[in-house]
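Hi everyone, thanks for coming. Please have the sequence and the structure open while I talk, and we will walk through it together.

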Amino acid sequence: MAEHTYTSRRELDQYGFHPAVTLLVPVAAVLLQAELPKLWGRFAILDLPLIVVIFFAVSRRSPIAGALTGTFVGLFQDGLTGLPLGINGIAKAIIGYLAASVGFTVDVDNVINRVAMNFFFCLLQSALLYFIGRFLVADARPLQLWHELLRAVCNTVVAIPIFYLLDTFRRRD
Amino acid sequence: MDSFLARFKNSLVLIAVVLLQTIGLAMQVPRQSDALGGRPGDGKRVSQLRFWSAAIVTPLERLIHGAGLNVRHFWSSYVDLRHTREQNHDLQMEIARLREEQASFAEDARQGRRVQALLGFQQQYIASTVAAQVIGTSGSDRSRLVYIDKGSKDGLKPDQAVMTQDGIVGKLRDVWAHTAQLLLINDPTAGAGVILESTRIRGIVRGTGGGQVEIGNLTADSRIKPGERVITSGGDGVFPRGLAVGMIESIRPDPEHQPYTAITIKPAADLARLEEVLVITGTQATLPPLAQLDADTALASVKRAADFASERLSGVHEGEAVNATDAPVVPAIGVNGNPALPIVPRPQSALHPDRYTPGSTPRAGQLTPGAPSTAAAKPETSPQF
């Protein structure tokens, strides 16, 4: 007999985090993001801050918090690059907002949903960065579709264990 | 109104956040465009934000880097000591060989300097450098930028050239007290004036979005071949002339910028695995004292070699003379009582004399203009095929 499961509204409640976690996890993500390419240049394809933004957004389920988290993490990331400030800030603010909105409608603890979410948001961020670069800062670099697909796959693979790791810091509000 | 704000609170916050950042971007873009080909100029507030971002991350990076170095040092000093003696011997030999090479290069440089002085060139030699270690990266493949552990306290300034022993790697961007940003040459905003070593064609290398280094301002030229070395031209005012940039990897038409070609360069330095770099903090128009010393040493050794060779050669002649004096037919005193001339070795007599054999040709005074050649001048036998 098939086993039926359901997700109650209670389980869909918002989660909160200790302020230290809210502060240190994004910093750790940006730090790791800066250190990993030093070990192997190809690690630059990852975007750990994006994964953290998605995780906090879907866990808190607050679009405002998601947008603000995305903005701060994105600006922090921009500050370390030579790019104009705001490129990642805008992209991640939109991602944070949308991820929080998605968190209302789907069970974000389901691994398949997590895979789909990370893959989609990573591709969306690539598209956003392309459009921001093209139309706001006149960056003429072409969109490398296969590279961006590969980036989405790599980030999704890395995101799943990170999500499970960060689940341990969640606390029910 | 309150209900409208409450209803669209989330969307309004997002719009406000995006709008603010868009305005911020719009204010930065002219500064970036104005500085094309030079250092991208940031506003004061943007610089402050960059400073704080770096101030949060770089101490941690420094810590991680230091810990990594300690682990590596422990491993190399106490654990991985096998073959150290052989390696030491090999390295000593390598150093000796390199010193010889350096001395000869210094002499070449000195000669080149003399020629350039004659031609009126203004050559810049590297006078002082500061060694630095790479402690972190920008973390993005859209921005090829790394952080080094030296800053303005160590004498670094923006726009100073950075190189490794293999070739140039980039130039400094933002410099803070103890940290500096190094913009790599494969970043799309980086550039350097170069010259193709054998064809002497000048160009500008730039980074691409894919992290490659390209020359994009040259039209198709059959003389440009893959494998040709590319060196700095010194025309950009950042990199001293003559530093290795890389080697031409491929040449293809650039469909977006016809009739130009996209010449891809393989950088001489491994930009993906940078650990130690040298920041060029000063240049000068003459050779540095150490190189000058090496050049003088090389010159002296060349002179010594010439003296040694002449001594050896004179010894050969003296030996021959001694052997010759052993022969009874050579008198020590001339027939008329004068001292004998130095004995010149004479060739042995030919087995089959011909017209080329010494002594077979009659003296010029004995020859008659227009007369047929003598039998002695003719070969004894006609060639047989």
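**Two helices to start with**

Let's begin in chain A, where A:Leu50, A:Val53, A:Ile54, A:Ala57, A:Val58 and A:Arg60 of H2(A) meet A:Lys92, A:Ile95, A:Gly96, A:Ala99, A:Ala100, A:Val102 and A:Gly103 of H4(A). Two residues are in contact here if their C-beta atoms, placed from the backbone, lie within 7 Å. Helices (H or I, at least four residues) and strands (E, at least two) are DSSP runs, numbered from the N terminus. By class, this contact of H2(A) with H4(A) has 9 nonpolar, 2 polar and 2 charged residues. Ala, Val, Leu, Ile, Met, Phe, Trp, Tyr, Cys and Pro count as nonpolar, Asp, Glu, Lys and Arg as charged, and the others, Gly among them, as polar.

Before going on, a word on the model: it is predicted, local features need pLDDT of at least 70, side-chain atom pairs count only at pLDDT 80 or more, and totals for chains, interfaces and linings use all residues. Residues are numbered from 1 along each chain as its sequence is written, while chains are lettered from A and ligands numbered from 1 in the order in which they are written.

How do the two helices cross? The axes of helix H2 (residues 48-60) of chain A and H4(A) come within 7 Å and cross at roughly 35°. Axes are lines fitted to C-alpha atoms, for helices over the stretch in contact, and angles run from 0 to 180 degrees between N-to-C directions. The crossing of H2(A) and H4(A) is right-handed, meaning that the near helix is turned clockwise from the far one by less than a right angle.

Now compare a second pair. The axes of H1(A) and H3(A) come within 11 Å, with a crossing angle of roughly 30°. H1(A) and H3(A) are therefore roughly parallel to each other, a label for angles under 35 degrees. On H1(A) the contact uses A:Pro26, A:Val30 and A:Ala34, and on H3(A) it uses A:Val73, A:Phe76, A:Gln77 and A:Leu80. That makes 6 nonpolar, 1 polar and no charged residues.

**The core**

Which residues have the most contacts inside the largest nonpolar core? They are A:Ile54, B:Ile168, B:Val169 and B:Leu182, in a core of 88 residues. H4(A) gives the most to this core, with 11 residues. A nonpolar core is a set of buried Ala, Val, Leu, Ile, Met, Phe, Trp, Tyr and Cys residues joined through C-beta atoms within 7 Å. Buried means 20 or more other C-beta atoms within 10 Å of a residue's own, exposed 12 or fewer, and partly exposed in between. We met A:Ile54 in H2(A); beyond its neighbours within four places in sequence, A:Ile54 touches A:Ile95, A:Ala99, A:Met117, A:Asn118 and A:Phe121.

**Where the chains meet**

The contact between the chains takes 36 residues from chain A and 41 from chain B. On the chain A side, H3(A) supplies the largest share, 9 residues. That side has 24 nonpolar, 9 polar and 3 charged residues.

**Two residues in chain B**

Finally, look at two loops. B:Asp159, between strand S2 (145-148) and strand S3 (161-163), has a positive phi of about 75° without being a glycine. B:Asp159 is partly exposed because it has 14 C-beta neighbours inside 10 Å. B:Arg200 also has a positive phi, about 60°, and lies between strand S6 (191-196) and strand S7 (202-207). B:Arg200 is exposed, with 9 other C-beta atoms within 10 Å.

Methods. Angles under 35 degrees count as roughly parallel, over 145 as roughly antiparallel, 65 to 115 as roughly perpendicular and the rest as oblique.
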